[in-house]
Amino acid sequence: MKSRESLPSWYELPIGGISRPNITPESKAGWRFEKPVIDNEKCIRCRLCFLYCPDAAIVESDEKYTTKTGKTYNVSYKINYYFCKGCGICAEECPVKAITMVPEV
Amino acid sequence: MTQVYKSKSLATLSSNKAVAKAVGQLDVDVIAAYPITPQTTIVEELAQMVANGEVKAQYIHVESEHSALSAVVGASIAGARTFTATSSQGLELMHEILHITSGLRLPVVMAVPTRALSAPISIWNDHSDIMNARDTGWIIYFVSSAQEAYDTVIQAYRLAEDREVLLPTIVSYDGFLMSHTYEPVVIESSEDVIEFSPKTWKGYIEEGAVAIGTLASPDYYYEFKYQQVEAMKNALRKAEIIDRDFYKKFGRKNGLVETYRTEDSEIDLLVTGSIWSSLKLAIDKARSNGLRIGGLRLRLYRPLPIDEIEKILAGKEVLVVIDKAISYGLRVAGPLANEIYTNLQSPVKIKSVVAGIGQRTITNEDLYKVILHVYKNKDSPGFTKHTLFYGVRGVELDS
């Protein structure tokens with residue numbers, strides 16, 4: 001834990017307490033002990049993980065993906081581990097169990 | 001009637017209509033408001049302009065003032081130039097969001113024709129509503145004519161959207177006495193208006209995702225609140241510059257503190273709003289009777305231009321502060337009088353007077369009576385100790 005004196009001064013902080021990615025005072029993922037991993041083969045692109053994530057840590061990308069069974073999807077879901085707290089809501093909500101929680105260490 | 005004014009023109013407008021006219025010329029993107037007397041005619045006018053296609057804004061119909069300001073907050077976060085208006089109970093219902101707007105540093109502009117508070121119900125004017133908003137972190141202008149209301153709305157957007165300020169701004173004026181009273185108003189060309197106050201606010205989401213309304217732990221909260229303290233200091237500096245630029249462009253100087261015959265005065269009266277014109281008549285009468293009386297009118301209430309007031313009051317004997325609101329339970333019960341008392345670094349004696357509560361009429365004769373009363377009693381011991389509640393039945397003015 002940092003001492004209070006070493007924290008940013010009022011003029012170093014973004015105004016209004018508005019946080020932007022990468023300029024947040026401290027890393028937001030400090031307490032994660034399990035990280036979600038998406039299996040692109042199983043994922044049906046239902047978007048539920050993206051909608052349920054309480055911290056917008058699931059990123060929707062335009063990357064195309066073709067499964068081994070020959071099905072092509074126009075979107076892929078990835079996890080921004082900088083923000084992911086490892087709460088596991090995505091894994092819980094995934095209807096096809098394509099997300100598994102993997103221990104960090 | 002169209003909102004595009006190609007050149008300067010003269011119109012007969014109430015302060016409410018003057019405000020609507022200015023907002024119509026300022027290319028506002030989102031308007032949300034809920035009707036309440038005496039504010040209603042502003043948004044009525046704006047609703048009509050939007051419906052007629054004269055103003056290209058989104059007009060959001062809401063179910064309360066709390067929602068009106070909330071809607072505008074959301075729009076402002078997205079980078080919209082926004083406007084809302086309210087009075088009295090409406091401003092009280094907004095109160096929670098007033099703090100959120102300033103805390104999020106959103107340049108929302110709001111018009112507040114002031115009105116008394118319930119209970120009992122009064123639709124008439126006094127300053128109880130706006131005085132309750134004084135610690136909300138909003139910039140507050142207090143104008144005293146329809147022309148000034150028009151001019152100040154134009155200035156307010158430029159001040160609020162300044163990168164070094166980014167604070168919401170209220171333009172307030174007396175309900176009914178000004179909101180429904182018609183005066184000649186010079187309307188500037190729309191091109192000049194938008195050139196003076198160009199849209200500079202881009203919102204917070206332009207560069208991608210952000211977290212709004214975050215939680216600040218005891219390690220961080222204080223720093224964010226101090227940012228607002230500094231922003232207010234910048235606002236005072238910028239308000240002066242904007243007023244000077246406005247004069248250069250349009251030829252009308254409103255000032256932050258207006259004075260009347262203060263060059264050689266001994267006793268001065270400090271007022272806000274429409275009472276100013278009556279006060280000037282009362283001062284003229286006192287002057288013709290050999291009393292050295294002067295007047296000050298506060299146009300910018302937050303941030304308080306106390307240095308300027310201090311300069312004007314150098315060497316004066318008595319300052320009478322007239323409040324149209326009561327801070328209950330205090331010996332000095334005028335809110336503005338209290339602020340002048342605590343902020344002014346000057347040996348001038350301050351006498352608090354409360355008048356015009358619930359729009360009890362204050363004529364120039366009433367103000368002349370106050371002047372005489374102060375003149376006769378200024379040296380008696382304990383004179384400045386209590387507020388004088390002028391004009392209430394059962395409290396006599398000893399002369």
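A: The buried residues of α1(B) are B:S15, B:N16, B:K17, B:A18, B:V19, B:A20, B:K21, B:A22, B:V23, B:G24 and B:Q25. Buried means that 20 or more other C-beta atoms lie within 10 Å of a residue's own; exposed means 12 or fewer, partly exposed is in between, and C-beta atoms are placed from the backbone. That is 11 of the 11 residues of helix α1 (residues 15-25) of chain B, so the helix is largely enclosed by the rest of the structure. B:D27 follows α1(B), with a positive phi near 55°. Helices (H or I, at least four residues) and strands (E, at least two) are DSSP runs, numbered from the N terminus.

The model is predicted: local features need pLDDT of at least 70, side-chain atom pairs count only at pLDDT 80 or more, and totals for chains, interfaces and linings use all residues. Residues are numbered from 1 along each chain as its sequence is written, while chains are lettered from A and ligands numbered from 1 in the order in which they are written.

Next, a helix pair. Helix α3 (residues 65-77) and helix α4 (residues 88-103) of chain B pack at about 25°, with axes 7 Å apart. Axes are lines fitted to C-alpha atoms, for helices over the stretch in contact, and angles run from 0 to 180 degrees between N-to-C directions. α3(B) and α4(B) are therefore roughly parallel to each other, a term for angles under 35 degrees. From α3(B), the contact takes B:E65, B:H66, B:L69, B:S70 and B:V73. From α4(B) come B:G90, B:L93, B:M94, B:I97, B:I100 and B:T101. Contact means C-beta atoms, placed from the backbone, within 7 Å.

Now the sheet. Six strands of chain B form an open, mixed sheet in the order β9-β11-β10-β13-β14-β15. Strands pair if DSSP finds at least two bridges between them. β9 (257-260) and β15 (388-389) of chain B are the edges, each pairing on one side only. Helix α9 (residues 275-288) of chain B packs on this sheet, touching β9, β10, β11 and β13 (318-323). The direction of α9 makes about 170° with that of β11(B). Inside the sheet, β10 (residues 267-271) and β11 (residues 293-298) of chain B pair in the parallel sense over five bridges. B:V271 stands opposite B:R297 in β11(B). Helix α11 (residues 335-343) of chain B lies across β10, β13 and β14 (349-354), at about 145° to β13(B).

How values were computed:
Angles under 35 degrees count as roughly parallel, over 145 as roughly antiparallel, 65 to 115 as roughly perpendicular and the rest as oblique. Two residues are in contact if their C-beta atoms, placed from the backbone, lie within 7 Å.
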